[in-house]
Amino acid sequence: MPEREEQPHGLAEGLVSRLNQGFASIAGWSFDHRWWVVLLALSLLAGSVGLASKAEIDSSYEAYFDPADPAYLAYETFRDDFGSDEVSYILYEAPDFEFGPWNFEIMQKVVALTEDLEENVPFIYEVRSLANAELMVGNEDGIEIREIADDFPSSQEALLALRDQYLAKPLMVGGILSKDALYGAIVVEMDRTSTDPVEEIRFDPDGGDELGNLYPQVTDNSINEILARPEYEGIKFYHSGDVPLNSLYNNIIAEQSAYLNALTALLIALILLFFFRSFAGVAAPIFVVQVSVAATVAFVVLVGWQLDLSFGSVPTLLTAIGVAHSVHILSEFRRRFFSVGDRRTALVETLSLVGTPCLMTSLTTAVGFSAMSFVPIKSIAHMGTYSAFGSLIAFFLSMTVLLALLSFGSRVPRGKGISKQPESSFVSRGVDKVLTSAHGLVIRGRRSILIAASSLLVLSLLGFAQLVVDANWLNDFSDSIPVKTNTIYIDEKMGGLINLILLFDGGSEGSVMEPAVLREIDRVQSFANDFPLVRKSYSITDIIKDLNQTFHADDPAYHTIPDSRELIAQYLILYESAGGSETDKHVSSDYQRAPLELRLRMSMTSKVKELAEAIDHEVAKNPLRVSTFEKTGIGALWLKLMDYIVTSQVMGFTLAFSAIATLMCLLLRSVKAGLIAMIPNLVPVLLTLGTMGWLGIPLDYSKVSIAAVAMGIAVDDTIHLVLRFRHEFRLCGNYADALSRALLDVGQALVITSIALVVGFSVLLVSMLDSQATQGILLSATIVMALVADFLLMPALILTLKPFGPEHEKAEAH
């Protein structure tokens, strides 16, 4: 049968015809100038790798927020007043020693360790432990501040007597000392943050910008090296906090992303080898997608962004997505080459037929990503932009570089005559049987398919109604990661690794010394302490109440706020004269602002929100009369992030659906046909979100982009199939026959691309981040459901609604 040609049909077909001719010209040009194309591709790869090597990493939670965001600005103001709130928290015990941390030998080691950390760990502000904790003791001259390191007890009995004094101080218990005195803690406070300019976090000025020379990596490595020294044998440490967590995130972004990308490329290469059994059919697509990934990282550097928490899975996604064009080109080229017998002609005809669908799939994928670039979560917005760029550069390289690489080889098929087809493997024959069965199922039972799809849609909507927005950053990590197990253990024994800060403002300089202001802070603090979520709280009132008690012979009845501003001022002067240095963390230098820090047990953000709302309700019921407060700190940022997730989900999905639906309608020159084509992509996404609701999987910052991105990816198969369906219908005039031909022509390529996508996304299962593993599962499930919908639901809709017009006499020659 001679090659069928579709005749132009109106404006739409005229545009498509011109696009087809344009892609045919690109294929011919790429063949004729293949060496130049390959040379330019290699140059692009070299330049991209050079730029990518300069990429900086930002693993901080601030990466989610725009610098102009009011919540972030409030947080920055707080840090300007009170310094970095990043810490390393080291819980320790000595289970093999009597009295545990208060064993005479162990306490000597803690004193030495504290000094070791102070002297040898870079970028620290101070180290707080039992060795240097301020113990206020009254004397005839006023007060005396004692530290164990300065006046070490002479015996075990004297040390135990000190233990009783420390346990009597509420300021100590729950912070650096457990209530049962079996655990101690060392708090290493930083004078840097992960968002500081690189020149400020570089350890060795001449050591370059490798992670090992930058904060927090260099700080985390130093702490871990010190803790592992033999002189501290007998003490069991549990290290967690901002520094080790941010350090781990940096390693995941820098190292795991490359590993997962390489693993994805290897597995997809094996899939391509299995289906195409050709070295060029493997090497060329893998080369194209890896150049695309490198160019994407280079793009991030060029626009002045950093690789943040949203970048981790992007190389894997781009590798899996980018190979789809190659599969369609290889599948069609293989048939054409064996049919026409000339490599150049086969490439020209291949791109003429698949170029336009590939263009549309690239645009829809880019739209799916770009929809997220408008959301208020900064790292997600950046991810949407550079992922869209990556998908488009993959398309451009597939249309040029892939064609150039396929041009090498014999001009005619070896051992094959013209008009012969490539030998079909048992896999190809098996796929064809599945496609033929799908065709028969649609012809015989399209009503049953529509009823089943409608039922699933209703169930999905019911599940979607149960979907909740919530997060717990600890759930990001795999249970096998030590920092997660350490964090859980610390939270159980001591707690308080996340915070919510209430920043009080007395309205004028010196106002925090007013008893009325202090009592308002104390009232809110007492109210918050009654919640099980709050493990420990700190404020300037703790120091003042401790001073008042100390000046009254340590009588607990005087652990209160004095009635006189003058007395409070006198206490603070005496405290500072005695060497006290803790006030600068609890009050601003002008004594106008004072933070109340609530240290919270690990929990879902919804629990933190409940606490914040309860405090707001209490203050609304019993208003503050002489002060105001605002919520800030990491806990407050997480609360704001939850609000942004809802906005981002709605905005991203709405923009993606609207833009992709518009493209489909324009492409098919029919609103009816375009919307019908969108249904098979909408249903799988809703099924995924509904399943999350039924299974209790919360919608968090790592899953907020799934709906928009999945739709952008899933619609790719729909475009290839619906365009081929319409193409065949124009030729044969019969919907059933057109479906059969379309399925057999492009169905196998759709199966291969779906397998590649599922395998690529499944690679995320080996990630150290459970959040990425879940993302991989959800995306894989969506792709599988979308393929089933394309093979069954979309044909059933088209056969029922006939969007391409009435059936007519066959127009093709036989």
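Predicted model: local features only at pLDDT ≥ 70, side-chain atom pairs only at ≥ 80, totals over all residues.
Trainee: Which residues in H9 and H11 meet?

Mentor: On the H9 side they include Val314, Leu318, His325 and Phe333, and among their counterparts in H11 are Met383, Tyr386, Phe395 and Leu406. Sorted by class, the residues of this contact of H9 with H11 are 13 nonpolar and seven polar, with no charged ones.

Trainee: Switching to strands, what is the order in the open sheet that holds S1?

Mentor: That open sheet has four strands in the order S2-S5-S1-S6, and the pairing is antiparallel. Strand S2 (124-128) and strand S6 (236-241) stand at the edges with a single partner strand each, so one side of each has no neighbour in the sheet. From one strand to the next, the twist averages 15°.

Trainee: How many bridges pair S1 with S6?

Mentor: Strand S1 (residues 87-93) and S6 pair over six bridges, in the antiparallel sense. If you want a place to look, Glu93 stands opposite Lys236 in S6.

Trainee: And which strands does helix H4 touch?

Mentor: Helix H4 (residues 104-120) packs on the sheet and touches S1, S2, strand S5 (184-190) and S6, and the direction of H4 makes about 175° with that of S2. There is also helix H7 (residues 242-276), which lies across S1, S5 and S6 and runs at about 70° to S6.

Trainee: Where does H6 pack against H7, I mean at what angle?

Mentor: Helix H6 (residues 217-227) and H7 pack at an angle of about 120°, with their axes 9 Å apart, and the two helices are therefore oblique to each other. H6 passes H7 in a left-handed crossing. The contact is made by Gln217, Thr219 and Asp220 of H6 together with Val243, Pro244, Ser247, Asn250 and Asn251 of H7. By class, that contact of H6 with H7 has two nonpolar, five polar and one charged residues.

Trainee: New topic: how many salt bridges does a search of the whole structure find?

Mentor: The search finds 29 salt bridges. One of interest here is formed by Glu126 with Lys585, whose closest N and O atoms are 2.9 Å apart. This pair links distant parts of the chain, since Glu126 is in strand S2 while Lys585 is in the loop between helix H16 (565-577) and strand S9 (593-600), and the two are 459 residues apart.

Trainee: You mentioned S9, so what is the strand order in the sheet it belongs to?

Mentor: S9 belongs to an open sheet of four strands with the order S8-S9-S7-S10, again with antiparallel pairing. The edge strands are strand S8 (534-538) and strand S10 (628-632), each of which pairs on one side only. The twist in this sheet averages 20° from one strand to the next.

Trainee: And how many bridges join S8 to S9?

Mentor: Four bridges join S8 to S9, and these strands run antiparallel.

Definitions and conventions
Residues numbered from 1 in each chain as written. Heavy atoms only, no water. Contact = heavy atoms within 4.5 Å. Nonpolar A, V, L, I, M, F, W, Y, C, P; charged D, E, K, R; others polar. Pairing = 2+ DSSP bridges. Axes fitted to C-alpha atoms, helices over the stretch in contact; angles between N-to-C directions. Salt bridge = Lys/Arg side-chain N within 4 Å of Asp/Glu carboxyl O. Parallel < 35°, antiparallel > 145°, perpendicular 65-115°, else oblique. Left-handed = near helix turned anticlockwise from the far one by under 90°.
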